[in-house]
Every structure is written in C-alpha cells, then in structure tokens.
Amino acid sequence: MNGGASLGLRTSGSYGSLQQSNGLLGSPAPSPPLAVRKPAKLSLGGGGGPGRGGERLLFARIYMFASRRQRMLLLLLVAVVVLLCFHFSSLVSKGDQVAAPGTETMLGISDHVLSFVNPGWTSSFSGNGLNTTSLTGKQSDISNEKVQGPLWTFPPAIALEHPPCENFSFSPPPVDRKRTGPRPCPVCYLPVEQALALMPRAPTASPILQSLNYLSEDHLVLKESGSGSLFGGYPSLEQRDMSYDIKDSMTVHCGFVRGKIPCLNTGFDADEADLYEMRKCRGTVVASAIFGNYDIMQQPENISEFSKDTVCFFMFLDEETEAAIKNTTTVDNMKRIGLWRVVVVHNLPYSDARRNGKVPKLLLHRLFPNVRYSLWIDGKLKLVKDPYQLLERFLWRKNVSFAISRHYRRFDVFEEAEANKAGGKYDNASIDNQIEFYKREGLTHYSSAKLPITSDVPEGCVIIRENIPITNLFTCLWFNEVDRFTSRDQISFSTVRDKIRSRVNWTADMFLDCERRDFVVQAYHRELMEQRLAALRSQPPPVVRAQQPRKMLPDNAAKEPVRASATKKSTGKRSRKSSSKRLHRTKATNGKETVRL
C-alpha cells in the first residue's frame, strides 16, 4: 500500500500510528504547502497516485470559475454528507451491540412496561434485538395472542428532565354566555410515550391489608330483613361491622357469593368464551355497561395505537340491549363493536337496570382478576383521551391508587339525598331510611373540618383505580352498601370512605368535575334523546312567505320611486320630531292644546 494513497484513516489506534507506517515505507518527503494539502483531503481517490494532478486541476477550476458563495455552499454540502455518513455508521455499530439486561430494549420500552402489559413476558435479547419471548405457567396460551403484533408498536421511552406540566397553571372553565351549566376546564396531559415513562415499576403499597379473599356459600339463608340480596350473600349487620376491622388478611362479602368463580352460575353470568377473554386481559381495562337499553353505545376516540394493542375495552350488555343493538349495528365474529369487546350478561341479579350496572362499576377487580389498572365509565359517556394519559394524570402523578371526580355542585350527603328525592331518583322512604341509619352511625354535614377531603359527594360516572387489596376492599364494601340500601351510590360513598380512612392511612382522591368533563363527553340517555327527536319531528315546518312580484313601471317613471322614498324618509323624520314634541304638550282647560317650545 502506498503511503501517498492513504485517506488519513486510522490503521490502528491513533494518527501517530499512521505517521509511523509512512516512515517505514521510505524516507519522509518534505511537507507540501498547506494550500495544496487541503484539496487532497477532500478527494475520494486518495492523496497521491496518477489522478492527483487531475484532482488539483479540478479544484483549481472550481476556485477560478465558482463564486465565493458557491464555493461555501459546496463545502457545506460536503460537510453534511460527511455528518450523515458518520451518523449512519454510529447507528449501525450501536445496533450490533448486545443489549445489557435491565436496560431499555431496541423497542424503546423498559422491562417493567413489558411486564405490566403482560406479567408472563420475560424478554431476552440477542444481537439484533428481540430474540424470544418466554412465557411462564398457564399464561402461555393467553399471552401468545397478545405478544403477536403489539410489540412493534411500542412507543419509545422518554427520559424526562423536568416534572411534567410544571409550567401549567389551572384555570377555571372559560366564560360562555350560551352555556351556563357545568363545563370542562383545561387539563395538562402528557403524550402517551412520556406517560409510559412515568409508569410505576411496582404496585402501590396497600396499607395493613395484604391479602383479600371473598366469601362464597352454596346455601344462603336470609336471617335479617333488609340485609341485601341473594347475589350479595345477605351479610348481617355484625358481618358488616367486622368488614371494617382491617387486618393483614381478610375475607368479606363482595357479590358473586353463590360460586367460587364470578359470572359462572353466580348470577350476572357470562359465556365461557367471554370469561376466557376477561381473564386473559392484563395490564389495563376500560369497562362500561348498558342495561335496559338505557343508553346509546359511545365509541372511544383519540386512542393511541399502543393502547389499542395493550388495553382491553369491555362493554357489558343485557339481552334486551343486545337485541336492540343488533337491529342497528353489526357485531363481528370476535364479538366486537368498534373498540368494545361485547359481553352479554345472563341471569341478572336485580330487576332494576341501574342497580345491575353497579356490579361491573364497583366489582371490576372480580370480573378481571389479572388486571392492575381499571377505568370505569358510564354507558352514556364517550372517552376522548388515551387511558395511559388518564392513569398518569390522576394516579401516577399524584401517587394515589383511587381517583373519582367530585360533584360539580353538591358537597354534602344530606343535600344529595334531598336532590335525589326531588328528582325522583329513588323511593323517598328508602332514601330517608338510609340517611337515618348513617346519622345514627355518626354521619354529619360536610364542613371545612374534613379538609383535605374536599367533598362527601362524588360524580360517580368515572372511576380510575389501581387494583390493590385496599382499593378492592373499598369497592367491595361500597357495593355492599348499594346492595343493602338504595342504588344511589353517591349517598353511601363517604360513609365507606370515612370508615376505612379512620383505620388506615388511605383515602380516595377526588378531582374536579370540570377535569372529568375534559376527557369524557356526556350524551343524553336514550329515552331523553328519543323524546327530543320526537319533539323536533312534531314541530310544524317553518312557514315561508312568497315574495310578491314587483310592479313594472314605465321608463319615464323610473325616477319617481326615488323621490317617493325621499319623501317618505323626510316624512318619517318629521313624524319623529313631531312625536317628540307631543311629549311637551299639555291640555288646556278649554279643550285646546298649548305647545311648549
């Protein structure tokens, strides 16, 4: 190899080795002028050889015929090409490296996010990135379906240098004269990639309670009047009081009492294929329900592709609602309508459709035992934000395990009870009995003494929670109150919360209702919407008056309307002046009027 043909690349470890190799090939030649060596470095053929004179001539011609600006642009172009080549080579060399255990993978998602999406995944990486995905236990059949496809849609993990939304300041809903009721207010959400970067690696610690089991009995006997339903297991008042004695391990009533497997001959039953899909769901579930054909199904919007692959969307229907939906909507062979996986429920435990809706609303941890996070939204609501954005905003950012919005107007349980009675939401006598029972237990009006608790009345149409033992206990006991008393869960919420809060360091976080209205859009119930549509159809169409044809005038009378209009305008001015003068007239005694000028 001729030393003059070198590109100046390193042959070993440094530029010093290059100089040594040149010295071994012959005596060092005198250094050429700097102006001559600069063009040689830009040549692709090397610094010497037969083509060296031609390259010098080429650069000389460029220098002579090209302007200074063109020469600078040419140098800039060459520099950009060099940078791109260097960047490409660095990427190739980085891809050849073996990923170290515990670091972020080539997919950009750390191991704890992989395990969150499916706890059975154990990622192993080889030279080109993802090599195999090993599964453990009985989860292999379930996990294989989730592994195929979604892995390549993982968004990249992002390192956050500053706290999220640190410069965001809360502002009340904007003023709108046309809309005076409750409205959404601005909320700061992170992009899905940044939200996933803030996902906790481990579940939130459950205070005191570490193991929660659920009571099941084959032969149930009603021992006390007013102790609930067969589906709830008829818990006695003594059992109710014991359920608030929080210990390390507990067994409580939590619905589905007639069997060990929920939805399997327990009331609120589902097909085996649906049960398989429900238990296959891991990570996060978004659930809703429509019973009694009471609402119109709303499809979620603005959902990321990553959430579509990793989040379960389940909609529970009764047979009446299913029949009505099939008349207008097509259900595919996977039992899906849009994003929703439909589950038709049989053997409903209650005759009241609203009370049946409390089963999936409060007992999602029993329907989906392998899920870590759950989001409940009422059937009348449309979700318009990504689930991971909501988890980050209302759970992870605040370091809480249960979040629910407070009522936009009422904060006191007594006021809520009166509003339910005035609105005919439930039987008035039953509401009064429930309030009197709570008063004997110590229920008081809400006041500032309860701070930092900001309200006793939730707007319970949205619940965001992490399924840990203490939150599961809270919703179990909340459901037991709904089963024993009225189905108006806003009335019993604060009683259950305060009883648990008095024994352990835990409470339900309550965010503003205007924040809730930012990520869900509320529609009318089906009955009310049909009434509005019927009222619009019954209204007579507006009367359109036909315009009278204009009279055609001869050519010599074309200017007369102008004079007439001017006359009318002047007459109108005089009439207004005369009318203003009449205000100053007073009647005389002889019947004549005297004008005051």
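The following conversation concerns selected local features of a predicted model.

Student: Which residues make the nonpolar surface patch?
Tutor: Leu74, Leu77, Val78, Val81 and Val82 make the patch, and its area is about 400 Å².

Student: Where is Leu77 placed?
Tutor: Leu77 belongs to helix H4, which covers residues 68-95.

Student: Is Leu77 buried or exposed?
Tutor: Leu77 counts as exposed because its relative accessibility is 52%, and the exposed class begins over 50%.

Student: Turning to the backbone, is the peptide bond from Leu451 to Pro452 cis or trans?
Tutor: That bond, from Leu451 to Pro452, is cis, and its omega is near 15°. By contrast, most peptide bonds are trans.

Student: Where does Pro452 lie?
Tutor: Pro452 lies in a loop, with helix H17 (428-441) on one side and strand E12 (458-466) on the other.

Student: What about phi at Asn347?
Tutor: Asn347 is not a glycine, yet its phi is positive, at about 50°. Most residues other than glycine have a negative phi.

Student: Where is Asn347 found, and is Asn347 buried or exposed?
Tutor: Asn347 is in the loop that links strand E8 (340-344) and helix H12 (353-356). Asn347 counts as exposed because its relative accessibility is 55%.

Student: And what is phi at Asn399?
Tutor: Asn399, also not a glycine, has a positive phi of about 60°.

Student: Which loop holds Asn399?
Tutor: The loop between helix H15 (387-396) and strand E11 (402-406) holds Asn399.

Student: Why does Asn399 count as exposed?
Tutor: Asn399 counts as exposed because its relative accessibility is 64%.

Definitions and conventions. Residues numbered from 1 in each chain as written. Predicted model: local features only at pLDDT ≥ 70, side-chain atom pairs only at ≥ 80, totals over all residues. Heavy atoms only, no water. Patch = residues over 30% accessible without salt bridge, like charges linked within 9 Å, V, L, I, M, F, W, Y side chains within 5 Å. Areas by Shrake-Rupley, 256 points an atom, 1.4 Å probe, with all protein chains shown as cover. Salt bridge = Lys/Arg side-chain N within 4 Å of Asp/Glu carboxyl O. Helix = DSSP H or I, 4+ residues; strand = E, 2+ residues; numbered from the N terminus. Buried < 20%, exposed > 50% of the residue type's maximum accessible area, 1.4 Å probe, protein only.
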